Amino acid sequence: MGVVRLRIEVTVNGTTHTSEVEDRMLLVYYVRDVLGLTGTNIGCDTSSCGACTLHVDGESVKSCTMLAAQADGTSITTIEGLAKDGQLHPMQQAFHENHGLQCGYCTPGMVMAAVGLLNENPNPTEQEVRIGLEGNLCRCTGYHNIVKAVLAAAQQGAPA
Amino acid sequence: MSVTEAPTSAIGTPLLRKEDPALLTGEARYTNDLNVPGALHLAVLRSPFAHARIASIDVSGALQQPGVVAAYTGADLADAWAAPMPCAWPVTEDMKNPPHHPLAVGKANYVGDGVAAVLAQTEAQALDALQAIDVQYEPLNAVTDLEDALSDRVVIHDDLGTNTSYTWELKIGQEAVDAAFREGGAAFTVKERYIQQRLIPMAMEPRAVVAVPQPFGGDITLYSATQIPHILKIMTAITLGIPEHQVRVVAPAVGGGFGSKLNVYAEELLCMALARKHGVPVRWNEIRAEGAVATIQGRGQIQDIELAADENGKVIALRVRLVGDMGAYLQLVTPGIPLLGAFLYAGVYDLPEAYDFSCTSVFTNLTPTDAYRGAGRPEATYAIERAMDALAAKMGIDPFELRKRNYIRKEQFPYTAFSGLVYDSADHLAAAERAAELAGYEAVRAEQEQRRQAGDTKHLGIGMSSYFEMCGLAPSRVLASLNYGAGGWESATVRVLPTSKVQVVTGSAPHGQGHETAWSQIVAAKLGVSPEDVDVLHSDTAISPIGLDTYGSRSLAVGGIAIDMACDRVIDKARKIAAHQLEAREDDLDFEGGTFSVKGTPDKSVPLAGIAFAAFTAHDLPEGVEPNLEASCTYDPPNFSWPFGTHIAVVEVDTETGGVDLQRYVAVDDCGVQVNPMIVNGQVHGGVVQGIAQALWEEAVYDDDGNLRNPTLLDYMVPSAAEVPSFELDSTVTP
């Protein structure tokens, strides 16, 4: 049972990387350990918590559910790629203004999931936000202010 | 209804958090994010049996695996420990505390007990190699039930001869208690049993450890996802036999704790011991399902509570019997947790001196318990509030009406409780009435009755809970009376830099609470500077050498006051320099908005900035005044702080399916002056959801053999946004 290494080409936050990865390497480990983008967090091993959510070709993905090899040829955005020109993304700003984070560990995944949610449904109701974020767990905030933040971002027409 | 001291004050402002940008952009570094070249990865092999003799362990197979550098059994490392893992709270003189080491020797006592360790080049290699370790276990009967544990049918720790660790009592007015519960004594009595199920803390950040040795530099740095860098420094130094001044502990960004990171863990000690042994950094990341058994769990009690009341429902005596589940070993403060509730079983009620409390705590073959979300106090509140509802039901009166007859009244404060503790201030009735008003209490009661009459299959449940919480841990002398192994003070240094920016060094160790923001607000209000010009340093014992960390709702109530008092000392010193510069007497100076001015001559003034620079150059300081502008304070509180309030929940219960739909949740809390009401509300939201989750969903479910049935986030029900509603909050401030 030898280790199989695969060559992949992935564009992450606008930069194209060519890497050799172990076949069993999950995308979250690729992003964290190979590219050093540690904003994407690991909170579980059952794809339950959503802390590792990022965008693959514009869609929210729990990066522990995907092999790095499967990301070959895709374009990925991580939390580090969201703020532009030193300015927080409107969703990040909304989380800030609505106190939608405390310890911050779920936050990168939560923000990426929230951006993904508004991409699909730009004007969600409170209940749609709650159901839309079901796959992302937070232990600190009780979700009250997260929901408020996402609704505020939607109202401001947050771009993707 | 938050309080603002003065229009210019930063206190009471919902200032946005300065912690946020780094956390929102992924820039913040948690322990697992640290890039440490050359680090070996630790993996721990854990017992799959709750109770088993370890006949043999053969690690040779692991040593053949790719990347493996070393493998150890508990026996191999016996010499690495100068002392057993610490329990800092020997609650009674005769408390039984079995020796506890980072790897078990001879016997495994719970599923998850570490039995062997591997060091490898990568995390995956270390984990893979665990499978090549051959352990021969001889399984024994497991003790998983508290009453079974009490029976000593199976004794877990042979040398102790019993599973009982201790019995702790608080008996006040025993005759009055006996009289009330005697046949024909009180007009009404109720006797209830409640089960506090075990909970898994599940902080979103799993634990993580990196130990970096400097064998020639003579010290070691421990990075850990911990709430207690200061306590951890002392305890690891003692356990490993390293001089304390050679240990530095850093808590980088920490992703929540809820008490679970208030401990000294085997993996911290293993990483440190092996880093020293191998002379290279050693790191470990907890896997979620591993953490479910290897990190402490919360709660775990049987509560028997009896209330006696007179014909009007006035409670006249209270008897409480607890059985506390310690788990297999005593962790840092395990035995004290049930006792933190001992003073709160009378809740917010005017109980006369008639209180009979006893707690017997036992070992089980389960993960050790310890502090979690309120630690003993919410358990007490739960029991007294449920018992009050039971009493109301027995008397046939409204539960709110019964509470009204029993609340300690506003005019009784400061109130000396049955226990001798003094409650400083509260207005329970006002908070409860406000909550009732917000919830439309009368209307939901009417609807509840109407649905019952109509035979509706969906009934309404209305829960009301009034509470006091013993916070601000703690007056050191009170801790001494409880046999706690440390004090309860907190330390702060406030330093005005030459360019008038301010550094605050705090002994508190935040992990989500927003201390950097709130502490900045305190300093800004005191010194008349902008909160942005204040930098709060914390959680690194090289920067903040003195402190007692963050737990027990203590950081603002104790640490915040230390900062406030250190600011006063800075102002005192600055006043001397200002008086010298302005050629005025110190008591002729006003200090406001960051400027000293001569009373009656406001244009004769000097800003703090000017004084800071003068203190730095030291060219012209008054006689006896040392250069630089900084002061420290260590504050030991004279009393606990006593926040209180009333929460009301309205749920719809489907009587056909048993489904519960939480429809309304109203919380009215009084924590006194709020430094940052936005942060306070955020804390309430999070606490409420964890409380709801205990009531409705969360439980560490064990089978009779001591196997945890739900160790992952797939099957342990941490609620998501979809399960909970938004909340209606209000607050009161009672001087």
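**Close-up 1. H3(A) passes H5(A) in a right-handed crossing.** Right-handed here says that the near helix is turned clockwise from the far one by less than a right angle. This is a predicted model, where local features need pLDDT of at least 70, side-chain atom pairs count only at pLDDT 80 or more, and totals for chains, interfaces and linings use all residues. Residues are numbered from 1 along each chain as its sequence is written, while chains are lettered from A and ligands numbered from 1 in the order in which they are written. H3 (residues 107-120) and H5 (residues 144-155) of chain A pack at about 40 degrees, axes 11 Å apart (axes are lines fitted to C-alpha atoms, for helices over the stretch in contact; angles run from 0 to 180 degrees between N-to-C directions). Helices are DSSP runs of H or I with at least four residues, strands runs of E with at least two, numbered from the N terminus.

**Close-up 2. Who meets whom between H3(A) and H5(A).** From H3(A) come A:Met110, A:Ala114, A:Leu117 and A:Leu118, meeting A:Ile146, A:Val150, A:Ala153 and A:Ala154 of H5(A) (contact: C-beta atoms, placed from the backbone, within 7 Å).

**Close-up 3. An open four-stranded sheet in chain B, ordered E18-E26-E27-E28.** Pairing is mixed (two strands pair if DSSP finds at least two bridges between them). E18 (458-468) and E28 (728-731) are the edge strands, each pairing on one side only.

**Close-up 4. E26(B) beside E27(B).** E26 (residues 644-654) and E27 (residues 660-670) pair in the antiparallel sense over 10 bridges. B:Val653 sits opposite B:Val660 in E27(B).

Conventions: Contact = placed C-beta atoms within 7 Å.
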